[in-house]
Amino acid sequence: MSRTALRICPLCEATCGLTLTIEGTRVTKARGDRDDVFSKGFICPKGASFGAADGDPDRLRTPLVREDGELREATWDEAFDAVAAGLRPVVEEHGPHAVGVVLGNPNVHTMAGALYPPVLLAGLRTHSLFTASTVDQMPKHVSSGLLYGDAVAIPVPDLARTDHLLLLGANPLESNGSLCTAPDFPGKLKALKARGGTLTVVDPRRTRTAKLADRHVAIRPGTDALLLAAMAYVLFEERLVDLGELAPHVQGVDELADAVRDFTPEAASQSCDVPADVIRELARELAAAPTAAVYGRIGSCTVPHGTLASWLVDVLNILTGNLDRPGGALFPLSATDKAPRPAGPGRGFALGRWHSRVSGHPEAKGELPLSALAEEIDTATGEGSPVRALIAVATNPVLSAPDGDRLDKALGSLDFMVSVDPYLNETSRHAHVVLPPPPPSQAPHFDFAFNTFAVHNQVRYTRAAVPLEPGRMAETEILARLVLAATGMHGTDPAAVDTLVIDQTLGKAVTDPHASVHGRDPGELAAALTGDSGPERRLDMMLRLGPYGDGFGARPDGLTLAKVLAHPHGIDLGPLGPRLPQPLKTRSGKVELLPEPIAGDLPRLREALRERSEGLVLIGRRHLRSNNSWLHNVPALTGGTNRCTLHIHPEDAERLGLTDGAPVRVRGAGGAVTAPVEVTDGIRRGVVSLPHGWGHDRPGTRMSHAALDPGVNVNQLLDGSLLDPLSGNAVLNGVPVELTRTS
C-alpha cells in the first residue's frame, strides 16, 4: 500500500515543495507539490530523482571506525568514544586552533547543518574554520558586510516585478538560482519577457539562460568588475545617477564618482572584450528602465576581483535608485530572522580579525580560505600549531578545493579526522571515524539559510516523510553528540545541547528592551515551547521571536511551530518590500558606498585595465542535473549532456588540431588532467570550460556509479595561490591553461 508525504527538496537552493510517493519505507516517486505556496508545483530533474538519491545503495548505514589502518563498521557508542578520544587530546595539547572544521555545501540544505555547527564552533573556539563559501560566494558576503554592515544582508532581484534584469556570471536555468532562492527561475525569466521586460546576460558561454536573453554579452572571463565599474562611470559622466528615495540612507556618492573616473568604457573594453558603445548602452538601459535589478553570481565571484564585482553589482542598483524598491533589489525577511530593531548605527563589519598561520590570509566572516587548508595541515613553519585534527561535515574538499592532490596527502597525515557524510568519498575515506546521517526522507526540513535569500517571503516546514530506520541516528543527534565529544562533554545527554541553546537565547531575549519578551521569565517561555524534539523546540522559539512570530503570546496571530505545522503547504508571508534603514548595521547607520577596504583594492583593478592575456583561459560550468560532487552517484542524474568534457570554440579547436571526442591534456599552475574535447560555438574564442565536482577515480571510496565515469577534477589545475584578497575566495574562473593533443 503506497502513501504520499510532503517534503521540501534539499537538492538545490530553489527549495521546491515535493509530493513523495512512498511504498513501505521507500520513496518511489517525487512530483512537484502544486499547493506549495512558494514553488506551486515546479520540479526539476534533481527533485524528480529524489527517490533515487534517497535510496542510493552506496549510502553508509552504520558508523565506520579506523582500526589497524582499515575502516570497519562500528556501533554509534564506539564511534563517539573514538571521536572524543581522538579530538580532546589534540585540543588539550595543542590548543583549539589545532582542530580544523570544514563545512560543505550540503550543510545549508539540512536542518541539522544549520542548527549545530554554530554551537560546535562556539564550544571549540577554533579559528581554523574553512567552508565551501570561499570557493563560491564569500565575495558577496564581504561586499554586503562592507556596504550594509551585515554579511548576510544580501539583496535579491525582485523577479516578479522588475522591468529590466541584468545577470552576470549566473546561469539560473541550470543552477536554479543561487543567493536568490526562486523556484521556477526559468518561468520567472520567461514571465519577465512576456510582460515586456528586458533580460541581459553577461557570460563567456552562450548558456541556456543566455539563449533566453534579449542581449548576450560574451565577456572575457574575470573582467566583470571592469565592465561594472565602466557602467558606473557612464552613469556619473552622463548624469544618470538618481538615488531617489535611497538618498537619505547613502553616503559616499561623490567619493565613488572620483574613485571610478579612470574606468572609462574605452579603457575597460580593451580588457573585458566588450565594445565601449555596448558598455554605454548597458548603463543607459539600466538607468532608463522603470525598475531594474543587477544580479551577479558564481562566475563574477570566483575571479581575481570577486569582491569588487559583487560590490559593484550593488553600486549599480544603488546609483539607479533600484535598491530597496519593488522591481529592484530587495532585502528578504525570513520567518526565523531576528525581529526588526529600531534603525540606527551598528557595530559594522570587520575583516582580518585573525589570519591564517602559514600565508597570513585574513579571515572573512570568521572563515579562512579553503584554498589554505592543505598548507595549514602540512606546513610546520608559522606561529602556532598546524591543524592536527579535522572535523569535516558534509564536505569533499579534495574535489572542491584547489590542488586536491596536495590536500589528499595532507589529510592522510592528520592525527585524527572525523567526517559526517553519507558516503565514503574522496575526502571522507581519510577519516578515522565516519558518522553517516540518514537519507533526507528520514529527516525533517526547514530552510534557515535559503529563506534569507528568497524572492518571496514565506515559511514552510516538513517533518520526516519516513520513520528513522532501525540502527540509524538522526543527523541532529549525530551533530549534537559531535558537539559534546569535541568540547569535553562526551557522554552527556545530547538533548542538553538544545536545552543550552534555548536557555541562552531566551535568557538574552528577556533582557533586550526591544524584544517582545522583555522582562519575562525565560523558564516560563522555555516551558511554553512545543515540538516533538529539541530541534523542533528551537524552531518554535525562533519562529516566535522572529519578525512574524507570536512573541510568546504578545501577538496572538503570529507564527508558531504549531501554526506552521497546520499549513503543510506553507504560509505566504507576502512579497518583498522596502526595509531600509532597518537592515543597516554600519557604524554610520547608512549604506557606506565606498568603504575603506574597497577603496584600498581599487588600485589593483586599475592595474587590470592594462592587462590582457592572449592565451586560453579556463572557466567552470554548471549542469541542471548536478550539484557539485554529491549527486554523481545517482544514475538518473548522470550521462547524456551531464558529462565531464572540455568545451572549446571551433576556431580554437581547429587552430590546435583538436577534434570532437578526442582526449586533450589540460595543464594549469596546479597540475594537468586529460579530458575529452567537446567542440561547441556556445563558448567564446579564447575560453575553455570544464565542469566542477568530477574526479571520482581515487581508491578507497564507495561510490560505485560515480566511479564508472569518474571525469577529472578541474580544481587540480589550480595551485591555490590565486585568491581574491578581500574575501579569500579561490579564483576558479579566468585562469590561464595550456592544451596539448594526446595520442
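**Cavity lining, ring pairs and a buried threonine**

User: Which elements each supply at least two residues of the lining of the largest cavity?

Analyst: They are strand β8 (156-157), strand β13 (293-296) and helix α15 (306-319), where helices (H or I, at least four residues) and strands (E, at least two) are DSSP runs numbered from the N terminus. This is a predicted model, in which local features need pLDDT of at least 70 and side-chain atom pairs pLDDT 80 or more, while totals for chains, interfaces and linings use all residues. Residues are numbered from 1 along each chain, and side-chain values use heavy atoms, without hydrogens and water.

User: What is the count of cavities of 30 Å³ or more, and which residues are closest to the centre of the largest cavity?

Analyst: The count comes to three, where a cavity is a set of points on a 1 Å grid at which a 1.4 Å probe fits but cannot get out. The largest cavity holds about 90 Å³ of space, taken as the volume filled by probe spheres set on the points. Its lining has 15 residues (an atom within 4 Å of a point), and the closest to the centre are K140, I154, P155, Y295 and G296.

User: How do you know whether W76 and F80 are buried or exposed?

Analyst: Buried means under 20% relative accessible area, exposed over 50% and partly exposed in between. W76 has 12%, so W76 is buried, and F80, at 3%, counts as buried too.

User: Why is the pair of Y148 and F331 called edge-to-face?

Analyst: The ring centres are 5.2 Å apart and the planes stand at 90 degrees, so the pair is edge-to-face. Y148 lies in helix α6 (residues 138-148) and F331 in the loop between β14 (329-330) and α16 (373-378), so the pair ties together parts 183 residues apart in sequence. Y148 and F331 are both buried.

User: Why does T307 count as buried, and which residues does T307 touch?

Analyst: T307, found in helix α15, has 0% relative accessibility and therefore counts as buried. Leaving out residues up to four places away in sequence, T307 touches P139, V142, S143, I598, D724, L726 and S727, where contact means heavy atoms within 4.5 Å.

Notes: 1 Å grid on protein atoms, 1.4 Å probe; cavity = no way out; pocket = protein on both sides within 12 Å on 5 of 7 lines; lining within 4 Å. Buried < 20%, exposed > 50% of the residue type's maximum accessible area, 1.4 Å probe, protein only. Phe/Tyr/Trp six-rings, centres within 6.5 Å; stacked < 30°, edge-to-face > 60°.
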